[in-house]
Amino acid sequence: MTRGESVTGNYVLTGASLATMASSDTPYGLIGNGAVAVSEGRIVWAGRREKLSADNFPWKQVDLGGRLVTPGLIDCHTHIVFGGNRAMEFEMRLNGASYEEVARAGGGIVSTVSATREASLEKLVRDALPRLDALIAEGATVVEVKSGYGLDLKTELNMLRAARRLGELRPVTIKTTFLGAHATPAEYKGRDDAYIDEVCIPALRAAHTEGLVDAVDGFCENIAFAPAQIERVFKVAQELGLPVKLHAEQLSHQGGTALAAQYGALSVDHVEYANEDDARAMAASGSVAVILPGAFYTIRETQMPPIEHFRKHGVPMALATDCNPGSSPLTSLLLTMNMGCTLFRMTPEEALAGITRNAARALGLTDRGQIAAGMRADLAVWDVETPGELAYRIGFNPLHSRIYEGEQ
Ligand code: DI6
Ligand code: FE
């Protein structure tokens, strides 16, 4: 197969190493000299080439020249829709400005909220596209997008509409997450509870009515919302039949993880300050720990997420960019993998599982993130010899081609 060659319909990929990430006895579920049969956008067979019967799949064969195939990559935590950017405050801080000076110059999350409120739907889409394209250029086939920079009904809905629009403009699956409980806007300063009742919850109901919400998130932190406030939002999510997830224990231990586990959260994200009890609770609820090294790196955090506890208790770990204008202006899943390994000592296999199989689980997707019969044919083809190379290199993109729903 050459880059850009049209691959569609029924076909068999051959001459490939497959990092299937499906449960198997080999690391990465690796199958050397493998083949994948694709029909109508689905994988119908995957295994060793010599076991493939041409009688069963008498289709066009597409030779991959010995390249590595992984599941399409999944970024399960992003904020790629927002107005403006915060390069100015980055520069101010590095020139010695204090937090107060940055805030007085209009910096911080409030500046993103103002810019997002001012932007039209078209502008939000136009600004987010290069970020989405950067993810796609590295093989992403699913990207989660959160609201949370509108903090009023109109703009929260606009952000989610922009996210949905992205999925129409590009061959990628967009999963939308309502994050009204991200911060309290200036007009509600000191009245967090009123913001939750008067804006956040009504916006959630309206967004759900419009079919804009796949999951509900919140920011549980001393600078954001307390567990009791988040719980009021989760109760509404539960009533609407929407799954929840939570930004928790990022800067301090507030007890958000225990709350999220109690509500059967798909994932608990950041979790630097989570403890072993939190890991036990997540294991019991089946919640994925979403590790976000881009934010850790950008804010120069020193508290490491408790990877050992997650391993010990069998909590699945995902990795994501957390792409946002403040704490993680990152649009590379490959770099995210490298950071997960270098900063947190995750293994390259855990890192790849973190942006495939476990990322799918963090989004409640049961037919992505693995190469196996019945899964969607979302695949990434790489010019590398071993899967470990994907996490090893820094700032290099070896993607050869990307197959989305069976089509290159
Ligand atoms: N955690 C973060 O690090 C960001 N939001 C969140 O929930 C910060 C968002 C920003 O600064 O714009
Ligand atoms: Fe985030």
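**View 1. G41 in a loop between two strands.** G41 is buried in this predicted model, because its relative accessible area is 8% (buried means under 20% relative accessible area, exposed over 50%, and partly exposed in between, with a 1.4 Å probe and protein chains only). The loop that holds G41 runs between β2 (30-39) and β3 (42-48); helices (H or I, at least four residues) and strands (E, at least two) are DSSP runs, numbered from the N terminus. Leaving aside neighbours within four places in sequence, G41 is in contact with R376, A377, E405 and G406, where contact means heavy atoms within 4.5 Å. N10 lies 31 residues from G41 along the chain, and the C-alpha atoms of the two are separated by 8.3 Å.

Residues are numbered from 1 along each chain as its sequence is written, and chains are lettered from A and ligands numbered from 1 in the order in which they are written. The model is predicted, so local features need pLDDT of at least 70 and side-chain atom pairs count only at pLDDT 80 or more, while totals for chains, interfaces and linings use all residues; side-chain values use heavy atoms, with hydrogens and water left out.

View 2. Most residues other than glycine have a negative phi. E405, one of the contacts of G41, is not a glycine, yet has a positive phi of about 50°. E405 sits in the segment after β14 (399-403) and is partly exposed, with a relative accessible area of 39%. R345 also has a positive phi, near 60°. The loop between α12 and α13 (348-354) holds R345, which is exposed at a relative accessible area of 61%.

**View 3. The site of the iron ion (ligand 2).** Which protein atoms are the donors of the iron ion? They are H77 (NE2), H79 (NE2), H247 (NE2) and D322 (OD), at 2.1 to 2.2 Å from the ion. Donors are N, O and S atoms within 2.8 Å of the metal (3.2 Å for Na, K and Ca); water is not among the atoms, so sites may look incomplete. Along the chain the donors follow the spacing H-x1-H-x167-H-x74-D. H79 and D322 link distant parts of the chain, 243 residues apart. H79 is in the loop between β5 (73-75) and α1 (87-94), and D322 is in the loop between β12 (317-319) and α12 (333-344). Both H79 and D322 are buried.

View 4. L251 lies in the loop between β9 (245-248) and α8 (256-262). L251 counts as partly exposed because its relative accessibility is 30%. Not counting residues up to four places away in sequence, L251 touches E221, I223, Y273, I299 and E301. K189 is 62 residues from L251 in sequence and 21 Å from it in space, C-alpha to C-alpha.

View 5. L266 is found in the loop between α8 and β10 (267-270). Residues touched by L266, not counting those up to four places away in sequence, include P243, V244, K245, G286 and R361. Between L266 and S327 there are 23 Å in space, C-alpha to C-alpha, and the two are 61 residues apart in sequence.
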